[in-house]
Amino acid sequence: MAEYVSGHQPREDAKQRQRDSHRAADPAGGPLTTDQGTAVDHTDDALQAGERGPTLMEDFHFREKLTRFDHERIPERVVHARGAGAYGFFEPYESCAAFTRAAFLQDPSVRTPVFVRFSTVQGPRGSADTVRDVRGFATKFYTSEGNYDLVGNNMPVFFIQDGIKFPDFVHAVKPEPHNEIPTGASAHDTLWDFVGLQPETTHMMMWLMSDRAIPRSYRTMQGFGVHTFRFVDAEGRGTFVKFHWKPKLGVHSLVWDEAQETMGRDPDFNRRDLWMAIESGEYPEYELGVQLVPEEDEHSFDFDLLDATKIIPEEQVPVRPIGRMVLDTNPDNFFAETEQVAFHTANVVPGIDFTNDPLLQARNFSYLDTQLLRLGGPNFAQIPVNRPVAPVRTHQRDGFHQHEIHRGASYHKNSLSGGCPVVAGADPQAFQHYTERVDGAKIRKRSASFQDHYTQASLFWNSMSDWERQHIVDAFRFELGKVGTVSIRQRVVENLVNVDTELARSVAEGIGVSPPAAPAGQAPSATDASSPALSQASENLRGDGSVRTRQIAVLATEGVDGEQIAGLQDALGAEGAVVEVLAPHDGTVPGAGGGEVAVTRALPTVASVLYDAVILPDGPAEALASAAGGAGLRFVRDAYRHGKPIGALGSGVGTLATLEPGVRLAADGGGTEADHGVVTDRSAGRASDTFVRAFTDAVAAHRHYARPPMQG
Ligand code: HDD
């Protein structure tokens, strides 16, 4: 049986601290009060002189209520403003003592509570979830030795090499300064102007133009610490380390057209998905892996380990799984927890240390600095979600929003408080900075080992499947097609030649600029090498292959086979999928056998983009297609275009045939046919096990991109 640090249970742990001393009084425990605890008699009418007279200053409840409302907002994060968070726990698989002394990585029976916040980067707090953007993946481990924050992204590299450029990059990617357009999007002049003039962005831009930038769910994306960090063992020996989070459900993305429509249909798509999964007990799970590089191998790569625009290919240094994280509790209050959580790359614990990566060094300044403004002063670590479970004893005093009532001397050294708190000195529990010899001239200069900006961009391109490449080309065309300044488009294309001439040529063709000047064939700085582990088509990113939590729509109209639908709900539900019956209206529809079929949602309130797959059950084909003013047919056509699995049974196959998609459909009496994720069976009655299996496999594969184009 697992034990938990500080005796807390994982689900309750982080919240328990809040409940103990910070939780608001039970709303049901007494009447509405003022901030001072005085009971309020009436809150719907202000105190006024006569029924039609002016409002009186004397009404302290009215003034307090409005003042408090006027002050509800705090500055949103300058980047990563839009986010969603959850609590959970982390447990190591085995002791990592061989390379780090971090306490939370020693004992598989110790669970460490965590809070994770996922985010987009560019858009404001109220922007849509499914924009093309990097996703933040920030984890706060409440360890017994203090808080450790792993503030990562869902891409393993970054746009720039030195944090001094961060304000330039962020100014460029944020909306245009004069009209604040576009919200949440990178497809505009200033970003691409910056990109074309900063070739170090090339590798990251390949990732940003790939499907990684439009994850299906926070539960189906990887996370990366990005930088090379340093593990330190009990003897003070260092090992370079890169951190990887891998989702149990596999790495899956939306397609761009779908992502755009989802912004309108459900701007909270990813946030809702995370929330609902946790509410339904389908706890998101990620495996933590590390790539370890001995100190003596620091210079054995053809790139610099300190350069955050580079990965270590997994084929070169395998990712070693060291533990798992489960997110099992939703916050109670978005503002108090998800908004007020404050991450900081410099929140480290003994056993984890930094390297001289110039991007990381800048971050170690910026995160503390930003919280001072955003959270209104220096005491933000006292906010419940930020409080360590480890005891805090400091000489820090006063400041805005001080919650602690400190006693005794507030300076070191003192004799009046018995010298307390004492420093840990050589106590092995204390954080001791890794001893590293550093000497050099004071210069503003980047090492020559940071100068190759193309080999890994090319490696990424080479590692992609055909459909991934097509999506990348389409994304470049879309983004640059929104850039008004032709010279900016041209410059980006000229730069892409260094990655792959064909890529550059295809992009140029789509955006109406001159094809790149370079000759056909491989550019001099590009490479033939690939890293298959990077492809979403690879086994590496497939996950457990299950269909758990996939949203499957079953379209129903009057006369549909209700028993068949019930059978599908049972069979697919048993695999963990969520099966919803959609019909032209809410309530029920009369089934073929006379019974009523319960409707989960009315078709006009939903759309194909909100589901992972669709089934057309046996029923009147015409009626299914024209259901809700053609919404049924539109639903199926969208699912087809977006590569989603489509199942059809009995006369439902007839509805599919109207699409003339060029895929093979089952023949009469021919059993189940599965072709490019279209699974058909003309038999009436209960769906066969073969159909259910074939359909489940199609759903597990997520998308079927190689499907023939839709006709008509
Ligand atoms: Fe950053 C927020 C991730 C480079 C400065 N960053 C922020 C968040 C994530 C990242 C996930 C949101 C945390 C949350 O949910 O509250 N940032 C990264 C990664 C980077 C990176 C993976 C490169 C490897 N960031 C970076 C640089 C700087 C910053 C180079 C400045 C020099 N980042 C910030 C910030 C933010 C922030 C301005 C805004 C809100 C906050 O810190 O708390 O300080």
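Predicted model: local features only at pLDDT ≥ 70, side-chain atom pairs only at ≥ 80, totals over all residues.
**Figure 1. Tyr367 at the iron atom of the ligand.** The protein supplies a single donor to the iron atom, namely the OH atom of Tyr367, at 1.9 Å. Tyr367 belongs to helix H9, which covers residues 358-374.

**Figure 2. Polar side chains of Arg117 and His80 at the ligand.** A polar atom in the side chain of Arg117 is placed 2.6 Å from an oxygen atom of the ligand. For His80, an N or O atom of the side chain is 3.4 Å from a ligand nitrogen atom. Strand S4 (135-143), strand S5 (146-153) and H9 are the elements that each contribute two or more residues to the shell around the ligand.

**Figure 3. The shell of 23 residues around the ligand.** Those that come nearest to the ligand are Arg77, Arg117, Arg363, Tyr367 and Gln371. Helix H9 provides seven residues, the largest share of the shell. By residue class, the shell consists of eleven nonpolar, nine polar and three charged residues.

**Figure 4. Strand S9 and its pairing with S8 and S10.** Strand S9 spans residues 285-294, and eight of its ten residues are buried, leaving the strand mostly covered. Strand S8 (residues 238-247) pairs with S9 in the antiparallel sense through nine bridges. In the S9 strand, Glu287 has Lys246 standing opposite. Strand S10 (residues 320-329) also runs antiparallel to S9, and six bridges join these two strands. Met325 in S10 is the residue that Tyr286 faces across the pairing.

**Figure 5. Gln382 in the loop between H9 and H10.** Gln382 is located in the loop that connects helix H9 with helix H10 (455-463). Gln382 counts as buried because its relative accessibility is 12%, below the 20% cut-off. The side chains of Gln382 and Gln402 form a polar contact at 2.7 Å. A polar atom of the Gln382 side chain is also 2.8 Å from the backbone nitrogen of His403.

Note on methods
Residues numbered from 1 in each chain as written. Heavy atoms only, no water. Donors = N, O, S within 2.8 Å, 3.2 Å for Na, K, Ca; no water. Helix = DSSP H or I, 4+ residues; strand = E, 2+ residues; numbered from the N terminus. Near = heavy atom within 4 Å. Polar contact = N/O pair within 3.5 Å; in protein donor to acceptor, adjacent residues only side chain to side chain. Nonpolar A, V, L, I, M, F, W, Y, C, P; charged D, E, K, R; others polar. Buried < 20%, exposed > 50% of the residue type's maximum accessible area, 1.4 Å probe, protein only. Pairing = 2+ DSSP bridges.
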